[in-house]
Amino acid sequence: MGSTKYSPSRIVRQVAVLLSIGILSVVAGQRVEAHGVAAHHGTKAVMISSYAFHSPVVTVKQGTTVVWTNKDDAVHTVSFTAGHGAPHDSRDLQHGSTFRHRFTTPGVFHYHCAYHPFMRGTVKVIH
Ligand SMILES: [Cu+2]
């Protein structure tokens, strides 16, 4: 019993093997996930800069996640006109913050910034 003690170097080796298996499985998992996202869902980026949404109108397939990123120093929001399938309000987006919503309902969704009503955008979700 006492003779089967692990030497420190053996433990280090075994930990290293376990870690590399864990890292490999994480990498493999991300690859599968990335492939699935690309094939079925996808993301669409909308930048908020210079007090405007870029692009102001995006057309995406049902199931797409739209990600807004505030590049301005000013606080903005992504506030949708209420309706079936419309996302909830982003609330305040500080510089560098993102808001994401996966659109699962086809339709035309209008939004604006609560602080700057001239900032307007539209997400068209097609089947
Ligand atoms: Cu704004």
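1. Two strands are taken as paired if DSSP finds at least two bridges between them. Helices (H or I, at least four residues) and strands (E, at least two) are DSSP runs, numbered from the N terminus. With those terms, K44 has V66 in β4 as its bridge partner. That bridge belongs to the pairing of β1 with β4, which is parallel and runs over six bridges.

2. Some notes on the source come next. This is a predicted model, in which local features need pLDDT of at least 70 and side-chain atom pairs count only at pLDDT 80 or more, while totals for chains, interfaces and linings use all residues. Residue numbers start from 1 along each chain as its sequence is written.

3. The protein chain contains one helix and eight strands. Along the sequence the pattern is α-β-β-β-β-β-β-β-β. A residue counts as buried if 20 or more other C-beta atoms lie within 10 Å of its own, as exposed if 12 or fewer do, and as partly exposed in between, with C-beta atoms placed from the backbone. On that basis, 17% of the 127 residues of the protein chain are buried. Two residues are in contact if their C-beta atoms, placed from the backbone, lie within 7 Å. Of the contacts in the protein chain with a separation of 6 or more, 48% are between residues 24 or more positions apart.

4. An open sheet of four strands has mixed pairing and the order β3-β8-β7-β5. Its edge strands, β3 (57-61) and β5 (79-80), each pair on one side only. β3 is parallel to β8 (residues 120-126), with five bridges between them, and V58 stands opposite V123 of β8. β8 also pairs with β7, in the antiparallel sense and over six bridges; here H110 stands opposite T122 in β8.

5. F80 deserves a point of its own. This residue lies in strand β5 and stands opposite Y111 in β7. F80 counts as partly exposed because there are 19 C-beta neighbours inside 10 Å. Not counting residues up to four places away in sequence, F80 touches A86, P87, F109, H110 and Y111. H112 is 32 residues from F80 in sequence, and the two are 6.5 Å apart in space, C-alpha to C-alpha.

6. β4 has a second pairing besides the one with β1: five bridges join β4 to β6 (residues 98-102), and these two strands run antiparallel. The bridge partner of V67 in β6 is R100. In a regular strand the side chains alternate between the two faces of the sheet.

7. A nonpolar core here means a set of buried Ala, Val, Leu, Ile, Met, Phe, Trp, Tyr and Cys residues joined through C-beta atoms within 7 Å. The largest such core has 15 residues, among which V66, W68 and V123 touch the most other members. At least two residues of this core come from each of β1 (43-49), β4 (65-70), β7 and β8. Which residues is W68 in contact with, leaving aside its neighbours within four places in sequence? They are V46, I48, V78, S90, T98 and F99.
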